[in-house]
Amino acid sequence: MDVFKVIDQFGQKIRDTQVLDYIQKRIESNAGWFVPPLRSSVGVMPSDEYTAIELAGTDRPGLLSEVSAVLTDLHCNVVNAEIWTHNTRAAAVIHVTDHSTNSAITDLIRLSTIKELLCNVVRTNSGSRAAKTVFSSSDTHRERRLHQIMFDDRDYEGVKRASPSASRPNVTLMNIDKDYTVVTMRSKDRPKLVFDVVCTLTDMQYVVFHGMVSTEPVEAYQEFYIRHVDGLPINSEAEQERVIQCLEAAIERRASEGLELELLAEDRVGLLSDITRTFRENSLTIVRAEISTREGKAKDTFYVTDVTGNPVESKIVESIRQQIGVTKLKVKNNEDCSVLGTSRPSQETIMGYLLSNIFKPKSHT
């Protein structure tokens with residue numbers, strides 16, 4: 001039995017019956033978001049509406065600008081995308097359509113060209129770490145897939161441990177009576193924090209048996225009793241260290257570092273390329289982005305810093321807004337994002353008790 005106490009994004013009780021019905025139907029249908037997706041050879045697409053592209057490689061300033069420029073040159077329109085960066089690594093899930101048909105790209109030769117050119121962009125300066133460009137054959141939830149991509153890319157390795165601070169997650173492990181490993185996590189609260197942690201535990205083949213999640217105005221506390229799918233708790237120091245690293249990475253990947261900018265504009269082919277090129281020309285780096293289009297309108301959110309990772313100067317932001325259009329590009333949460341590393345104030349409060357049965361793995365939370 002799992003019990004969650006939730007509120008909406010505005011901090012209010014959910015009263016919309018359509019939202020409540022949707023939540024109930026999605027949970028009851030066991031939609032399969034946590035099933036690892038199959039990968040396709042070129043040409044096997046999950047949807048007739050768009051082509052899904054997955055990228056992974058070394059992060060660098062201007063990477064999204066170069067990727068979107070290639071897609072524009074190949075007459076591809078980006079309809080949805082999500083881009084994460086963490087620990088020098090970058091990952092993206094991008095949905096594109098053919099400009100002429102507004103549907104998925106099916107020509108095998110053209111798909112091969114897209115893959116080859118994107119590989120060249122992502123591979124640049126990748127060092128010893130391989131860059132990846134694949135077409136997805138499963139319509140997996142984008143954020144769920146991004147966790148898997150970054151986990152496979154080992155973005156959790158080589159992180160320099162700083163002294164404990166309020167901005168860093170604190171993860172500890174302890175074995176209880178040789179039956180369970182208790183994982184406790186303290187971090188800044190934010191939306192989708194529990195989702196991110198449970199995704200990573202699932203990817204690492206751990207099962208949650210009991211758990212408690214609580215939040216305060218700023219801090220979130222999570223406690224999970226886990227075992228590996230083989231029924232054993234975590235026994236070795238090396239495995240403990242790996243779990244700590246992976247959970248820290250899961251918490252940090254979506255952390256809203258930098259200045260949050262929101263773009264609202266008429267959608268068109270090349271819009272993302274033009275916007276990201278403007279950021280690049282003004283020495284801004286995109287650390288995370290969410291791209292979406294609906295009914296001819298584009299709504300994009302960018303989290304940006306300067307090329308050294310420091311806060312963006314206000315005069316540069318205003319110059320960019322003048323170039324793009326002050327009514328199109330807005331600064332969000334300016335009072336909180338003016339300093340790098342300040343997280344977006346959370347509007348999510350969750351109190352939950354999670355319980356799964358070892359004999360019913362599909363019901364694991």
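# Rings, cores and backbone in a predicted model

Reader: Is F279 buried or exposed?
Author: In this predicted model, the relative accessibility of F279 is 1%. The cut-off for burial is under 20%, so F279 counts as buried.

Reader: How many residues does the largest nonpolar core have?
Author: F279 is among the residues with the most contacts inside the largest nonpolar core, together with L71, I94, I114, F302 and V304. One of these, F302, is buried at 0% relative accessibility. The residue count of this largest core is 43.

Reader: Leaving aside neighbours within four places in sequence, which residues is I94 in contact with?
Author: I94 belongs to the group with the most contacts inside the largest nonpolar core. With neighbours within four places in sequence left out, the contacts of I94 are T51, A52, I53, L55, V67, L71, V78, N80 and A81.

Reader: What is the geometry of the pair Y180 and Y225?
Author: The ring centres of Y180 and Y225 are 6.0 Å apart, with the planes at 80°. Planes over 60 degrees apart fall in one class, so the pair Y180 and Y225 is edge-to-face.

Reader: How many residues apart are Y180 and Y225?
Author: Y180 lies in strand β7, residues 180–188. Y225 lies in strand β9, residues 219–228, and the pair links distant parts of the chain. The separation in residues is 45.

Reader: Is Y225 buried, partly exposed or exposed?
Author: The relative accessibility of Y225 is 25%. Buried requires under 20% and exposed requires over 50%, so Y225 counts as partly exposed.

Reader: What is the geometry of the aromatic pair F279 and F302?
Author: F279 in helix α7 (residues 271–281) and F302 in strand β12 (residues 297–306) are 23 residues apart. Their rings are 5.2 Å apart centre to centre, with 85° between the planes. This aromatic pair is edge-to-face.

Reader: Which residue lies over the faces of both Y180 and F209?
Author: Y180, F209 and Y225 form one aromatic cluster. The distance to the ring centre is 4.5 Å for Y180 and 4.9 Å for F209. The residue over both faces is R227.

Reader: Is T88 buried or exposed?
Author: T88 is in the loop between β3 (76–86) and β4 (89–98), and its phi is near 70°, a positive value in a residue other than glycine. Its relative accessible area is 55%. The cut-off for exposure is over 50%, so T88 counts as exposed.

Reader: What is the phi of Q205, about?
Author: Q205 is in the loop between α5 (193–203) and β8 (206–215). At 41% relative accessibility, Q205 counts as partly exposed. Q205 is not a glycine, yet its phi is positive, at about 70°.

Reader: What share of the protein's residues counts as buried?
Author: The secondary structure comes to nine helices and 14 strands. Of the 365 residues, the share counted as buried is 45%.

Technical notes. Residues are numbered from 1 along each chain as its sequence is written. This is a predicted model: local features need pLDDT of at least 70, side-chain atom pairs count only at pLDDT 80 or more; totals for chains, interfaces and linings use all residues. Side-chain values use heavy atoms; hydrogens and water are left out. Rings of Phe, Tyr and Trp (its six-membered ring) pair if their centres lie within 6.5 Å; planes under 30 degrees apart count as stacked, over 60 as edge-to-face and the rest as tilted. Helices (H or I, at least four residues) and strands (E, at least two) are DSSP runs, numbered from the N terminus. Buried means under 20% relative accessible area, exposed over 50%, partly exposed in between (1.4 Å probe, protein chains only). A charge sits over a ring if NZ of Lys or CZ of Arg is within 6 Å of the ring centre and within 35 degrees of the ring normal. A nonpolar core is a set of buried Ala, Val, Leu, Ile, Met, Phe, Trp, Tyr and Cys residues joined through side-chain atoms within 4.5 Å. Contact means heavy atoms within 4.5 Å.
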